[in-house]
Amino acid sequence: MKFTEYFAGSKDNPEGIEEFEKLLTRWLDESQIKIVSWNCNGKFREKFKEIISEDADIYVIQEYENPAESKNEDYREFAGDNYLWTGNLHYKGLGIFAKEGITLEEIPNSNEDLKHFIAVRVNDSFNISK
């Protein structure tokens with residue numbers, strides 16, 4: 001499944017895909033925000049320094065520990081207060097980190113079937129959602 005199909009529709013909805021691609025292209029041309037996604041498979045508190053070199057504006061990380069409950073001071077400092085997290089267990093969740101100056105606002109998830117999903121409005125200009 002393509003990224004555009006996942007976020008904008010499906011092969012049965014080409015108008016949604018085309019509209020999404022236009023909006024994404026226009027937004028990327030204007031904003032140039034870099035988004036990195038990584039399933040770190042746990043212990044992100046020990047691995048987060050590896051991803052910093054990517055210099056992303058937004059990091060979407062799967063299977064990681066809630067920074068608010070971590071005992072690792074460097075990890076809590078990396079996370080700061082500009083992140084969103086969800087999960088059943090404090091050591092395994094989904095989260096979104098953003099650089100300073102980028103605002104993340106959690107918005108209602110329109111799909112109740114998605115158990116661990118974070119719908120987000122970024123910089124009050126676009127959504128990361130289903």
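A pocket is an open set of points on a 1 Å grid over the protein atoms alone, with protein on both sides within 12 Å along at least five of seven lines. Its volume is the space filled by probe spheres set on the points, which are joined across faces, edges and corners. The second largest pocket here has a volume of about 260 Å³. Of the 15 residues that line this pocket (lining residues have an atom within 4 Å of a point), the closest to its centre are Phe 78, Ala 79, Ala 98, Lys 99 and Glu 100. Helix 4 (73-79) and strand 4 (92-98) are the elements that give two or more residues to the lining. By class, the lining holds seven nonpolar, three polar and five charged residues. Asp, Glu, Lys and Arg count as charged; Ala, Val, Leu, Ile, Met, Phe, Trp, Tyr, Cys and Pro count as nonpolar; the others, Gly among them, count as polar.

This is a predicted model, in which local features need pLDDT of at least 70 and side-chain atom pairs count only at pLDDT 80 or more, while totals for chains, interfaces and linings use all residues. Residues are numbered from 1 along each chain as its sequence is written, and side-chain values use heavy atoms, with hydrogens and water left out.

Now the fold as a whole. The protein has four helices and seven strands. These are DSSP runs, numbered from the N terminus: helices are H or I with at least four residues, strands E with at least two. From the N terminus on, the order is α-α-β-α-β-α-β-β-β-β-β.

Next comes a sheet. Strands of a sheet pair through backbone hydrogen bonds, either parallel or antiparallel. Here, three strands form an open sheet in the order 5-6-7, with antiparallel pairing. Two strands pair if DSSP finds at least two bridges between them. Strand 5 (104-107) and strand 7 (126-128) stand at the edges, each with a single partner strand, so one side of each is left without a neighbour in the sheet. Three bridges join strand 6 (residues 119-122) to strand 7. Arg 121 stands opposite Asn 127 in strand 7.

Which loop holds Asn 123? Asn 123 lies between strand 6 and strand 7. Its phi is near 50 degrees, a positive value in a residue other than glycine. At 30% relative accessibility, Asn 123 counts as partly exposed, a class that runs between buried and exposed (over 50%).

Technical notes:
1 Å grid on protein atoms, 1.4 Å probe; cavity = no way out; pocket = protein on both sides within 12 Å on 5 of 7 lines; lining within 4 Å. Buried < 20%, exposed > 50% of the residue type's maximum accessible area, 1.4 Å probe, protein only.
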